[in-house]
There are 2 protein chains.
Amino acid sequence: MTDGLNERMNRQVLLKQVPEGLAGPEDFETREVPIAPLEPGELLVESHYVGLDAALRLITRDSDEFLFRVSPGDLVHGSVAGQVIESRHDGFAVGEYVAGSLGVQSYAISTGEGLERCDLSQAPLGAWLGGFGNSGLTAYFAVIDECKPQPGQTVLINGAAGAVGTMAGQICRLAGAKVIGLTGSPEKCQWLEEELGFDVAINYKDDDWFEQLAASAPDRLDVIFDNVGGDILDESLKLIGMHGVVLLCGSTSQYSETEMKGPANYIWLGTMRARLQGFVVFDYADRYAEARQRMSRWIAGGELKLPCHELEGGVDQFGEAFRQLYEGKNLGKMLLKLPAAG
Amino acid sequence: MTDGLNERMNRQVLLKQVPEGLAGPEDFETREVPIAPLEPGELLVESHYVGLDAALRLITRDSDEFLFRVSPGDLVHGSVAGQVIESRHDGFAVGEYVAGSLGVQSYAISTGEGLERCDLSQAPLGAWLGGFGNSGLTAYFAVIDECKPQPGQTVLINGAAGAVGTMAGQICRLAGAKVIGLTGSPEKCQWLEEELGFDVAINYKDDDWFEQLAASAPDRLDVIFDNVGGDILDESLKLIGMHGVVLLCGSTSQYSETEMKGPANYIWLGTMRARLQGFVVFDYADRYAEARQRMSRWIAGGELKLPCHELEGGVDQFGEAFRQLYEGKNLGKMLLKLPAAG
């Protein structure tokens, strides 16, 4: 085929080395490869946004427990939202917007498997990788189906300013609960309270964060929505309330550690007849449409925001974006916005 | 009053000092005090059995999370089964058998509050402190209401030869599950398999205990019934299965430690959508009679045993019995059988 596309080169981000500590630019490298001609049943996606996922730090961990194993030299796993620019697939037309696990690259050839159509009348394209994508769906089902916060109850969101935490906090508020967020800077605290309607936001870097938390939850915590693990999970377990739910959504504080820390205060679960509940959003795949319809109504009514934090640049900026994610610079979902997004 | 009872002296076990490491005889002392005359509404119980409870090690821990706080010089908390030998209480007649939290002493005056009548046609008196008492009721409700093992499923009991473990294992077998027990000696393994019908028993002191466990549970574990905490809980979490239940019943391995160890492998709960579930038997108090009726039928049918491990002696042997409990010498519920038991 000589349709002109072959002249365009695809830039791909590869894992250069197994990261130690925080991952950053030095752990990734970029290569250019020609875009292969499409086979029948394939389509070509131009990447507009790459979603930054903290769990990606685990790509090199040698354990079955993680999803995204990648070795040095491999294309880095990544969720991408973009536009179909060529298609030999009956189900996808040129011009459609799609999202999926296409890898960190400027173009991707797909068979359509696992690819999701993005309706931009529901949410902007980037949000399909964040509050309207897996992060938001995770928050939605974890809150609605597992945490079930009630009016008058108190919820703690650990990692409140992140992709999932921002959504979980807002949805808990919509359910009528008092929402307390833990995050890592005064600016993020202010933003959570003023922009997202959190009742209280506490900076976990304050020496007295636990005392602030205890004072904000005099009747203990009915729900702890944990995205961070480590010491914050461990300490907050001391405040779990009777029949409480500790939703285990992520453990970002531990992803860069060689040795995980277990929460010694798990014994409080016993005293309080509470539970530490594992959760994986993919179990709810057949209800994504239902969740998005409901979220759309909340968005239209001004009750729900889909916060995205965009870093603009080429795919070679992926390592930098990843480091900023781990430095906690993001308000909401961290996205790399590629030049093709316009 | 000069009814003769005042001539009998009551021997009481007091906490002598805050234990370090394992508690033992040196941490307790005995004193003799006269038995006070009964006031109206009171009854006098002669103690026949004292139940040894591993959680009692926590009596001196300075934390709200534990039930039995005791200071040096105080009467030691203890569950006792005995006989009413004098009564000015309308609800209890002389000769009746009762059990309750009466403290480690040879006689106790009670208002009847919290006292339970023991029907010896259902189970022998000592068992009312063990398999037919809180230990057995804990196992019953934790298994039936929370763990819900199904035929074909695999259950692991950590601390399998203990008061709760022996009962939990037997009840899981009655539910049709494959039952694996972890315990601390080859003799206890043999006893669990031959006397209590465990499918497999593994000595956690074997270097390859985890490999033995993994080989015995090729389809992973649907239930982990944990009485011990620490490294055994942590390692076994790696084998929890999809939608599994880890029932948090006790943490005996940690009760003598100054610093609790948290289970770093709790992240497996996430991957497996499993839950670590706290549990307190007192929530089921209004169903104790139902549980005992069902257990009685199993006992009558030869399907359930109520293993008790009796050490004979006076109340001054309490410290020795407590040390033996922590040395894992018991098969089933550890009891101190007092001379009054005949």
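Student: Which strands of chain B does α1(B) lie across, and at about what angle does α1(B) run to β12(B)?

Tutor: Please note at the outset that this is a predicted model. In chain B, helix α1(B) lies across β11 (221-226), β12 (240-248) and β13, and its direction is at about 150° to β12(B). The corresponding arrangement in chain A places α1(A) across β11 (221-226), β12 (240-248) and β13 of that chain, at about 145° to β12(A).

Student: To which sheet do these strands belong, and in what order do the strands stand?

Tutor: The general idea comes first. Strands of a sheet pair through backbone hydrogen bonds, in either a parallel or an antiparallel manner. Here, 12 strands make up an open sheet with mixed pairing. Reading across it, the order is β10(A)-β9(A)-β8(A)-β11(A)-β12(A)-β13(A)-β13(B)-β12(B)-β11(B)-β8(B)-β9(B)-β10(B). β10 (200-203) of chain A and β10 (200-203) of chain B are at the edges; each has a single partner strand, so one side of each is without a neighbour in the sheet. From one strand to the next, the twist averages 20°.

Student: How many bridges join β13 of chain A to β13(B), and do the two run parallel or antiparallel?

Tutor: Strand β13 (residues 275-278) of chain A is joined to β13(B) by three bridges, and the two run antiparallel. To locate the pairing in the model, find A:Gln277, whose bridge partner in β13(B) is B:Arg275.

Student: How many residues does each chain bring to the contact between the chains, and which elements of chain B supply them?

Tutor: Chain A contributes 25 residues and chain B contributes 25 residues. On the side of chain B that touches chain A, α6 (267-271) and β13 (275-278) each supply at least two residues. The largest share, five residues, is that of α6(B). Sorted by class, this side of chain B has 13 nonpolar, six polar and six charged residues.

Student: What rotation superposes chain B on chain A?

Tutor: A rotation of 180°, with 0.0 Å of shift along its axis, brings chain B onto chain A at an RMSD of 0.0 Å. This is therefore the relation of a two-fold axis. Among the residues of chain B, B:Gly262 comes closest to the rotation axis, with its C-alpha at 2.1 Å. The copies meet through the same surface, because 100% of the interface residues of chain B are also interface residues in chain A.

Student: Into which domains is chain A divided, and how many residues of each are in contact?

Tutor: Chain A is divided into domain 1 (5-130 + 307-341) and domain 2 (134-282). Their C-alpha centres lie 29 Å apart. In chain A, 12 residues of domain 1 are in contact with 12 residues of domain 2. The side of domain 1 that touches domain 2 has six nonpolar, four polar and two charged residues.

Student: Which strands of chain A does β5(A) pair with?

Tutor: One partner is β4 (residues 79-87) of chain A, which pairs with β5 (residues 97-101) in the antiparallel sense over five bridges. Within that pairing, A:Val80 stands opposite A:Gly100 of β5(A). Another partner is β7 (residues 116-117) of chain A, joined to β5(A) by two bridges and also antiparallel. There, A:Ala99 stands opposite A:Glu116 in β7(A).

Conventions
Residues numbered from 1 in each chain as written. Chains lettered and ligands numbered in written order. Predicted model: local features only at pLDDT ≥ 70, side-chain atom pairs only at ≥ 80, totals over all residues. Contact = placed C-beta atoms within 7 Å. Helix = DSSP H or I, 4+ residues; strand = E, 2+ residues; numbered from the N terminus. Nonpolar A, V, L, I, M, F, W, Y, C, P; charged D, E, K, R; others polar. Pairing = 2+ DSSP bridges. Domains from an automatic or database assignment. Least-squares fit on C-alpha atoms with pLDDT ≥ 70 in both. Axes fitted to C-alpha atoms, helices over the stretch in contact; angles between N-to-C directions.
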